[in-house]
Amino acid sequence: MQLNLVSCDALRPDKRAITKCLLEISSNMDPSSAYELTQILMEGDSVEVEIENKNSGSALRALRKLSIDYEILD
């Protein structure tokens, strides 16, 4: 499943938690890529992430918990 992470609406976003979440939900991502995508998201640009279908429910819950707005692309 492809997700487009649009923005993070948290007052004080926890970059470490977002990076860890991206690592856990993504099907093929290394720590440096997750950190880089977190930085891009914090700057206000959208980011595309591919997640495994078996983890989709928990991944979406984790993103909502971190106040990350997303769109389902596929």
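The following conversation concerns helix α2 and the sheet on which α2 packs.

Student: Before I start, what kind of model is this?

Tutor: It is a predicted model, in which local features need pLDDT of at least 70 and side-chain atom pairs count only at pLDDT 80 or more, while totals for chains, interfaces and linings use all residues. Residues are numbered from 1 along each chain as its sequence is written, and side-chain values use heavy atoms, with hydrogens and water left out.

Student: How many residues does α2 have, and how far does it reach?

Tutor: Helix α2 covers residues 31-42, which is twelve residues, and spans 17 Å from its first C-alpha to its last. That is close to the expected 16 Å, the expected span being 1.5 Å times one less than the number of residues. Helices (H or I, at least four residues) and strands (E, at least two) are DSSP runs, numbered from the N terminus.

Student: Which residues of α2 are buried?

Tutor: Ala34, Thr38 and Leu41 are buried. Buried means under 20% relative accessible area, exposed over 50%, and partly exposed in between, with a 1.4 Å probe and protein chains only.

Student: What do the buried ones pack against?

Tutor: The buried residues of α2 pack against β1 (2-8), α1 (15-25), β2 (47-50) and β3 (68-72). Contact here means heavy atoms within 4.5 Å.

Student: Changing topic: what is the strand order in the sheet?

Tutor: The open sheet has three strands in the order β2-β1-β3, with antiparallel pairing. Its edge strands, β2 and β3, each pair on one side only. Two strands pair if DSSP finds at least two bridges between them.

Student: How many bridges join β1 and β2?

Tutor: There are four bridges between β1 and β2. Gln2 stands opposite Glu50 in β2, and Leu3 has Val49 as its bridge partner.

Student: How many for β1 and β3?

Tutor: That antiparallel pair has five bridges, and Ser7 stands opposite Asp69 in β3.

Definitions and conventions. Axes fitted to C-alpha atoms, helices over the stretch in contact; angles between N-to-C directions.
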